[in-house]
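Please view the sequence and the structure below before reading on.

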Amino acid sequence: MNFSFVGQLNSPNVKWFADGINRELVAERYQYCEESVDNIRIIFNFVDQDNMKPYRRKAQATFCVAVVETNKVPEDIIKEAYPILIRTLSNLLIYIIQSQETLEAYFITLERGCYSVPYTDTNDELFFSRVKERLIPIASSRLVINNEFHCDLPEELWNGDEKSAQLMEAGSNLDALNLLPAPFPMEELLNPQDFRHVKRLFGIGGLSYGNLSVRKEGQQFWMSASGVNKGDMQVIGRDILLVMGYNEERNAMLLNIPPHIKPRRVSVDAIEHWMIYTQHPEVEAIIHIHAWMDRVHSTEINYPCGTWELAKAVSDLVSQADDPSRAIIGLKNHGLTITGTSLEDIFERIDGRIIRQVPMT
């Protein structure tokens, strides 16, 4: 696997960080190459906050890490750093905060994860080893966010069915419980061209975080669309989509839509839901929320949304649950995926137990 550096290495701290990352990746048999080489797997974009230049990658497979330094400790790191992540069109931001006494590297993710690696005991080797351990698993994960639309949904399903109606009602319930937090206003931070670029690369962007689905039959399931207001889903093919399966060769989710509808993309977590429904026929519904509950089993690595690795990690934990049909799985630095025998069953089990602040570790 290869990597490259772009941007400005203007300060001693930034040069030190680049040298340390270079040593760690080369030791892991990654190969440094020039930015002009095709199919670069990881790009480190060293960004000047006064002149932020995005790196416009050519393929989804390229993982872009923005690296920014500051000597000011912000009151709200997410509020300060998340716009930088978006404006630089990055998958991940490493925000290096150097104060008079400490240096800390904060990891900011698209899912609004925020956790840090502190520099302690003036030990470069230990610090960069910890950064590498955090970075490599998520940077090497594989996105599954392509959609393949088939305009052959039977006419009797153009207005949905009993299951899709249940999904609409469940979306309204999540909204009433204030469990659909709004993302940062990406469209206000980016020009229209860059906003389209972000949506194409990551399959994200819209009105709320979270998603939900319900099994129709077999491995088919109704699922909320990406970027839709889940509290007001109405149109089949636009707000709710019928997922028919996954094509591994084309790495795409297969969707049936009415022929007269301009579709939205299905939620970025469709691969996770597909894997759970496929491996666990007893599961009838799934809800994903950006919230937390006490005493839940959690994934060990905060893989990005829409990756095969996250889907497998969550599905494996569902398998290990006492009752896979009623599992509650924590997604590290992210939120919860909850399975149920029905959508109603899920709401009954989470009632009064939700913690809105996701712990970051």
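## Basis of the report

The structure is a predicted model.

## Helices H1 and H3

Helix H1 spans residues 12–27 and helix H3 spans residues 124–139. The two pack at an angle of about 70 degrees, and their axes lie 9 Å apart. Angles of 65 to 115 degrees count as roughly perpendicular, and H1 and H3 are therefore roughly perpendicular to each other. The crossing of H1 past H3 is right-handed.

On the H1 side, the contact involves Trp-16, Phe-17, Gly-20, Ile-21, Arg-23, Glu-24 and Leu-25. These residues meet Asp-124, Glu-125, Phe-127, Phe-128, Ser-129, Val-131, Lys-132 and Ile-136 in H3. Sorted by class, the contact of H1 with H3 comprises eight nonpolar, two polar and five charged residues.

## Helices H7 and H8

Helix H7 covers residues 270–279, and helix H8 covers residues 308–320. Their axes come within 8 Å and cross at roughly 35 degrees. H7 passes H8 in a right-handed crossing.

From H7, the contact draws on Ile-271, Glu-272, Trp-274, Met-275, Ile-276 and Gln-279. H8 contributes Trp-308, Leu-310, Ala-311, Lys-312, Val-314, Ser-315 and Val-318. Nine nonpolar, two polar and two charged residues make up the contact of H7 with H8.

## The second largest pocket

The second largest pocket has a volume of about 370 Å³. It is lined by 14 residues, of which Arg-112, His-290, Arg-356, Gln-357 and Val-358 are the closest to its centre. By class, the lining of this pocket consists of seven nonpolar, four polar and three charged residues.

Conventions. Residues are numbered from 1 along each chain as its sequence is written. This is a predicted model: local features need pLDDT of at least 70, side-chain atom pairs count only at pLDDT 80 or more; totals for chains, interfaces and linings use all residues. Side-chain values use heavy atoms; hydrogens and water are left out. Axes are lines fitted to C-alpha atoms, for helices over the stretch in contact, and angles run from 0 to 180 degrees between N-to-C directions. Helices (H or I, at least four residues) and strands (E, at least two) are DSSP runs, numbered from the N terminus. Angles under 35 degrees count as roughly parallel, over 145 as roughly antiparallel, 65 to 115 as roughly perpendicular and the rest as oblique. A crossing is left-handed if the near helix is turned anticlockwise from the far one by less than a right angle, and right-handed if clockwise. Contact means heavy atoms within 4.5 Å. Ala, Val, Leu, Ile, Met, Phe, Trp, Tyr, Cys and Pro count as nonpolar, Asp, Glu, Lys and Arg as charged, and the others, Gly among them, as polar. On a 1 Å grid over the protein atoms alone, a cavity is a set of points where a 1.4 Å probe fits but cannot get out, and a pocket is an open set with protein on both sides within 12 Å along at least five of seven lines; lining residues have an atom within 4 Å of a point. Grid points are joined across faces, edges and corners, and a volume is the space filled by probe spheres set on the points.
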